[in-house]
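This report describes selected helices, a pocket and a few individual residues of one protein model. The sequence and the structure come first.

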Amino acid sequence: MTDDMTYHFKPGLSLTENVRQVADDQIGAALASLTGEGALEPRVHDVRKRMKKLRGLLRLVRPGLGEHYKSENAEFRDIARLFSDIRDKQVLTQTLEGLAEKAGDDSLSPLIAWAGERRDAMLHEHDLPGRLEEAANRLEDARIRATAWPVDGTSHEVIAGGLKKTYGRARKNWRKAGRDPENDELLHQWRKRVKYHWYHCRLLREAWPEPMLARVDTLDELSDVLGDDHDLVVLRATLDEASKDLPKAARKRVAELAAAESEVLRKRAFGLAAQMLGEKKGQLADRLAGYWISAPTMAERKAG
C-alpha cells in the first residue's frame, strides 16, 4: 500500500474537525505539487490522486454535508480533469512498456516510441501553464471553503450512511460484472466504486488498526488489479483508433498480450472481491462506523 500519513481521521477529534483537517492537508499537498519544482508528470499525477482522495472524503461524510457535497465534489472532479489527457497518455506508455517487459518482446518498441511521442507532445502544449495556474487558484478558493464545511448529524449516522452508499455500489457493480465479465464498462464502474470504499477504509483505519489495515491492503490490491485491467482496455481502444501506419504485427501482438493479461487480472479481481464484498451493506456500514465511534483516543492508546 502507498501510504499517506495525512489521509486518515484521528481518534479524539470531532468528525467535523477531522474532515476539515484532512481536506486542508490534501489541498495543501496538491498546491505544493502544482507550484513545485521537478518533473511535471509525477506532480500532475499527485494532484489527480489528491482530488480523488478529496472526493472520497466527501463521499464518506456525504449525509452530513447537505448541499455542499454536490458543488465541492464537482469542483474537485473538474480540477482533476484539467490534466486527464496528460495522465492518459502517460499511462498508455507505461502499459505498453509493462506488456513488453513481461513478455520479453522487442516487437512492441515502435508502439512504445509512438506513445512516448504523444506524451511528450502533450507535455509541451502551450496552454499547460494556464491549466496549472487555474487549478492552483481554484484550490486556494476550495481550501478557504473547506475551513467552514459543516458536517451535520451524529458521527455514526453520517459515517454509516456514507459507507453504506459507496460500499453498496461496489457490491452492486461486482454482481453486475460477475454476470457479464467481458463488459469493460461494468468493470470500470466497479473499479471506481471499489476505490472509493478503499479511501473510506483508509480514513477510518485508526479505529481499529490491525483489521482495518488488512482490509485496506486487500482493497488496494483489488483496486490496482482492476485499474491495470482498465489500462489494457484503454490501450486496445486507443490502438484501434490510431493511425493504420503503426506496424500491424505489433498492434496484433499487443492485442494478444493484453487479452491474455486481462483474463488473469479479472480472475484475480473476482477472487479478491469474494473476500471484500460479501458482507451486506448495512451490516458492514454499521460495523465500521461502530469501530470508529468506540475508537480510543490516541492518548488512551499510548497510555495503554
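## Helices, pocket and selected residues

Leu57 counts as buried because its relative accessibility is 1%, under the 20% cut-off. The model in which this value was computed is a predicted one. Leu57 belongs to helix α2. Leaving out residues up to four places away in sequence, Leu57 touches Tyr7, Phe9, Val19, Val22, Ala23, Trp149 and Leu203. Val264 is 207 residues from Leu57 along the chain, and the C-alpha atoms of the two are separated by 32 Å.

At 3% relative accessibility, Tyr199 counts as buried. Apart from neighbours within four places in sequence, Tyr199 is in contact with Tyr7, Lys49, Lys52, Lys53 and Gly56.

Lys172 is located in helix α8, which covers residues 155-179. With 46% relative accessibility, Lys172 counts as partly exposed.

The table lists residue pairs with their separation along the chain and the distance between their C-alpha atoms.

| Pair | Separation in sequence | C-alpha distance |
|---|---|---|
| Leu57 and Val264 | 207 residues | 32 Å |
| Tyr199 and Asp220 | 21 residues | 9.2 Å |
| Lys172 and Arg193 | 21 residues | 9.5 Å |
| Ile79 and Glu221 | 142 residues | 26 Å |

### Helix α4

Helix α4 runs over residues 68-81; at 1.5 Å a residue its 14 residues should span 20 Å, and the end C-alpha atoms are 20 Å apart, which agrees. Its buried residues are Tyr69, Glu72, Asn73, Glu75, Phe76, Ile79 and Ala80. Seen down the helix axis, the buried residues of α4 fall within an arc of 160 degrees, so they line one face of the helix. The face turned away from this buried side carries the exposed residues Lys70 and Arg81.

The cover over the buried residues of α4 includes α1 (15-35), α2 (40-60), α3 (62-65), α5 (84-103) and α7 (128-146). Ile79, a residue of α4, is buried, with a relative accessible area of 0%. Its contacts, not counting residues up to four places away in sequence, are Met51, Ala135, Arg138 and Leu139.

### Helix α6

Helix α6 consists of 15 residues, 109-123, and reaches 21 Å from its first C-alpha to its last, close to the 21 Å expected at 1.5 Å a residue. The buried residues of α6 are Leu111, Trp114, Ala115, Gly116, Met122 and Leu123. These residues are covered by elements that include α2, α5, α7, α10 and α11.

### The largest pocket

What volume does the largest pocket have? The volume of the largest pocket is about 1,600 Å³. Its lining is made up of 49 residues, of which Arg48, Lys52, Arg191, Lys195 and Asp231 are the closest to the centre of the pocket. The elements giving two or more residues to this lining are α2, α4, α5, α9 (184-203), α10 (209-241) and α11 (248-276). Sorted by class, the lining has 25 charged, 13 nonpolar and 11 polar residues.

Terms used
Residues numbered from 1 in each chain as written. Predicted model: local features only at pLDDT ≥ 70, side-chain atom pairs only at ≥ 80, totals over all residues. Heavy atoms only, no water. Helix = DSSP H or I, 4+ residues; strand = E, 2+ residues; numbered from the N terminus. Expected span 1.5 Å × (residues − 1). Buried < 20%, exposed > 50% of the residue type's maximum accessible area, 1.4 Å probe, protein only. Arc of directions from axis to C-beta. Contact = heavy atoms within 4.5 Å. 1 Å grid on protein atoms, 1.4 Å probe; cavity = no way out; pocket = protein on both sides within 12 Å on 5 of 7 lines; lining within 4 Å. Points joined across faces, edges and corners; volume = space filled by probe spheres on them. Nonpolar A, V, L, I, M, F, W, Y, C, P; charged D, E, K, R; others polar.
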